[in-house]
Amino acid sequence: MQERYTYDSLADLFTDLIELPKPVRHQRLEELALHPQDHRLLVNMLRADANTEPGFLDEPVVRHAQALKSDQDLDTEPEGLIGQQFGAFRLRQLVGQGGMATVFLAERVGADFAQCVAVKLLRRGLFSAVEQRLFRRERMLLAQLDHPNIARLIDGGVTAAGIPYLVLEFVDGRCLDEYVVEERLDLRARLALFITSCRAVEAAHRALIVHRDIKPSNILVTRDGVPKLLDFGIAKLLLDGVPGDSPHTLTAALTPGYAAPEQIAGSPVTTATDVYALGVVLHELLTGQRPRSPDTVPASAAISDRAATSPGALPLPPPLLRRALRGDLDNIIARALCAEPERRYPSAAALIEDLESYLDGRPVHAHPRSRWYLARKFVRRHRTVAVTTLAFSLAVFGALGVAVWQGRAAQAEAKRANVVRDFLLDLLDTAKAELPPDEQPTPAVLATRAARRLATNATLPALTRAELLQTLGRVSATAAAYDQAASLFEQAIEIRSDQLGPEHADVLSVRVELASVRNDQGRTADARDMLQRALPALRRDDSKDLVPALALMGSVELTAGNSDAAIAYERESAAAAARLLDPASIDAHLSRLGLGNLMIAADRWREGVDALVPELAAWRSAGLPTSHAKYSASISNLAVAYHSLGEYDKALPLFEQSLAARRKSLPVDHPALGNSIASLGMLLAGMMRFDQAEMHLQESLRISRAAYGDTHLEVALHLSQLASVELRRHHDEAASRYAREAVDICTRARWTAHSNCSYATVMLGSALRHADPAQSLRYLDIGLQQYRDQNQAPHALIATALSKRATTLLTLKRFEEARRDIESALAMFAAANAAHSLEGLIAVETRALVLHHLGNASEALSEIDRALPVWRERFAARKDRLLSMLETRVKILLALGDRASARASAHEALGLGLDDSVVRPETTALLKAAAR
């Protein structure tokens, strides 16, 4: 008798057959030579799968509830499911129902911690192995959506009764459209919130997932103002490149009013489908209503003076609301709502880019190009980054306002206004916005031309001339043309002092800006002298200029190596900002960022992180432009801190974000851009991507030389960083060459008191350890003394220098002296809360080597075994140093006669797979011998 298949076996056969093309499927079915009943059952299953008419599987789950009571006690109404358990979660409360699913609040059962979640029961049962397999595949892809603005998928499954469910992060919030109305958000705040929501969609698109049902009710905003995108359970998955597969979806759902034309027509769904829905949501957030004829009617046309404004619209009178929408926003919304997908924004990222350009005053891609449009945006764009012509233009008109206020008669002021207007228009005409980008004059060139014209223009009043000179100085400074900026500021100071007196507030304001330029030029003493003369009057008058003056004084003191004094000035600046500035203003936000930035510059990394993280979040919540140069600088500094703490996974995306923003907003040779490139280079070195690191550091060195010349602190720093990379590759000669050049710069410029120069000196000492240990010790002693002069309290930099000195003493076989140094270093690391820092753990390894050479192998083994687990946990990317620690352990174990343990450590070290270019030959020989 022919053997029958079990149900599970038939289900597996069905799963295999359904994946085959129909002709091959039929042939394979015949080859199986099944029992007639099994053959008939499989044929019926295949026919049923091919049937596209609505059937049992298309009915809502609750419709089948009574039929399933024998398997699982379900009621016909959703409330009857409360108390049921799905996976590890018990349903507590009905939250809501939709066409595709019913959502419950649930809690985890049997855990030693409380967890509330949302459990979504899909309204369609999954009874075949194929459907359940597709559901599992979709669930796996959705689980990859790890984004702060997407409700996280926690779990999911299919019950024995075929009911699919998803367990999601529970979001306690209000729908997006309700939130903006109840909080009375203005235009910038609404756009900022919408952009954040778009970033969640962009993240899903990068994961090849299309949402397909974006609407305000699927975007909840938490009490903290954080939007969360929900309901990816009906997402269409883009499975491009999977052989024999095509895009699948568990459901075919859409929401009329938000669905793109191709969804309604049943055409292919792409990322542009979500862009359309985002366009509808944006239209609704700004006008309070969904578009009527989105492809032809501008959003501003939805606002009528005669009719009452929709309650959901921006809280503005109709004429002002229509004016706010007209232009860029009309064009952005219209492009997102194009009926043809190919005419829309290709992705959420492109929509975000245009919206951010609108907020920053830059041209948007959706707006038709014209000479006047580009010229207007040319000016506005430059104000945003403080190196462009709009900052220049607005300040010029500000100068006009000052001149008008100071005049004696209306006729004279009108004439003066015409003079300034003609001067401005004549200058801006030289920008030639219609020219190709490589032919347009830079802001620094415009400032140079303007200064020449001022020198020959006899019609401008003195104070107006001073105002223009100050503006030109700002433009030059932000374009890194420091010599020109200083000259312009000095001229402005001379004119204002003659007209107003040397201690007038307007004179002091320019003096602070000149001091900033002198600090950028490396003339620290001059900058300190200017500030010390200005601060008494600024404190006496409690002027707003006191805030930047104190912050700059902190920077000057840090440059001079006085970190404690620097932090004290920065704290005073923050207190002055809290007293003198509107807490919501951008200047107040910048002041609060300043303290965190200075902490990081002073190598107090954890304090810097604790200060910067909440302030950066507050900046974003306030809807301030993330393209702002100082915001980008703070992001870069935060990345530096994470890098120094060994948290590379947090540092890398921040470095890349900061660098991308600066490349977009700064000239290619701007020193701030060079600093970002160098920071990323050092992180790449920490991740052992040495070739990329060298490329970045060489680029930053070139930029610094172009901006500052060959004898500046920044040039010395980038040379020292290149030395550190070469030292990691064991290219000692190249490392010493770079470090020696950096030390020579510091010696010639007499900047040896700065930490950059101390770093260069210590780096040179480290590079000479093998070739000339006596000279190595000499430079390490010099660098160590410099660090001690700069830092009165115990500091990680002093401890690092002591640790490197102990390493050189080992080379010189001065073991007892090495022991004293390394124990002092470890005590100092502990006092500076840096015992588990990268250099702190390296110092532990050094102590193990010292003990080993002193014949105390047992204690040495204890030391290295103390460092290894922490290193593996915190600095896993630094495999070269892990190999060094394992080499040290092998040496100690061989001294103890424990060859088996030494062999295991040698195998682990060799298993790291490091290239010979980063491992010394003697290390490789030792490990291979021990591994036998």
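**Strands, aromatic pairs and a covered helix**

Strand 4 and strand 6 pair in the antiparallel sense, and 5 bridges join them. This arrangement is read from a predicted model. Within the pairing, alanine 118 has leucine 168 of strand 6 as its bridge partner.

Strand 4 also has a partner in strand 3, which covers residues 101–108; these two strands run antiparallel over 7 bridges. Here threonine 102 is found opposite leucine 121 of strand 4. How much of strand 4 is buried? Of the 7 residues that make up this strand (residues 116–122), 6 are buried, so the strand is largely enclosed by the rest of the structure.

A pair of aromatic rings is described by two quantities, the distance of the centres and the angle of the planes. With centres required to lie within 6.5 Å, the count comes to 3 aromatic pairs. One of them is formed by phenylalanine 86 and tyrosine 165, whose ring centres are 5.6 Å apart and whose planes make an angle of 70°. Because planes over 60 degrees apart count as edge-to-face, this pair belongs to that class. Phenylalanine 86 is part of strand 1 (residues 85–86), while tyrosine 165 is part of strand 6 (residues 164–169); the pair therefore ties together parts that lie 79 residues apart in sequence. Both phenylalanine 86 and tyrosine 165 are buried.

Another of the aromatic pairs consists of tryptophan 871 and phenylalanine 875, with 5.0 Å from centre to centre and 40° between the planes, a tilted geometry. Are these two residues buried or exposed? Tryptophan 871 counts as buried because its relative accessibility is 0%, and phenylalanine 875 is likewise buried, with a relative accessible area of 0%.

A ring can also face a charge. In the case of tyrosine 779, the charged end of arginine 778 sits over the ring, at 4.8 Å from the ring centre.

The final element to consider is helix 34, which comprises 16 residues (residues 838–853). Helix 34 is mostly covered, since 14 of its 16 residues are buried. After helix 34 comes glycine 855, which has a positive phi near 85°.

Key:
Residues are numbered from 1 along each chain as its sequence is written. This is a predicted model: local features need pLDDT of at least 70, side-chain atom pairs count only at pLDDT 80 or more; totals for chains, interfaces and linings use all residues. Side-chain values use heavy atoms; hydrogens and water are left out. Rings of Phe, Tyr and Trp (its six-membered ring) pair if their centres lie within 6.5 Å; planes under 30 degrees apart count as stacked, over 60 as edge-to-face and the rest as tilted. Helices (H or I, at least four residues) and strands (E, at least two) are DSSP runs, numbered from the N terminus. Buried means under 20% relative accessible area, exposed over 50%, partly exposed in between (1.4 Å probe, protein chains only). A charge sits over a ring if NZ of Lys or CZ of Arg is within 6 Å of the ring centre and within 35 degrees of the ring normal. The expected span of a helix is 1.5 Å times one less than its number of residues. Two strands pair if DSSP finds at least two bridges between them.
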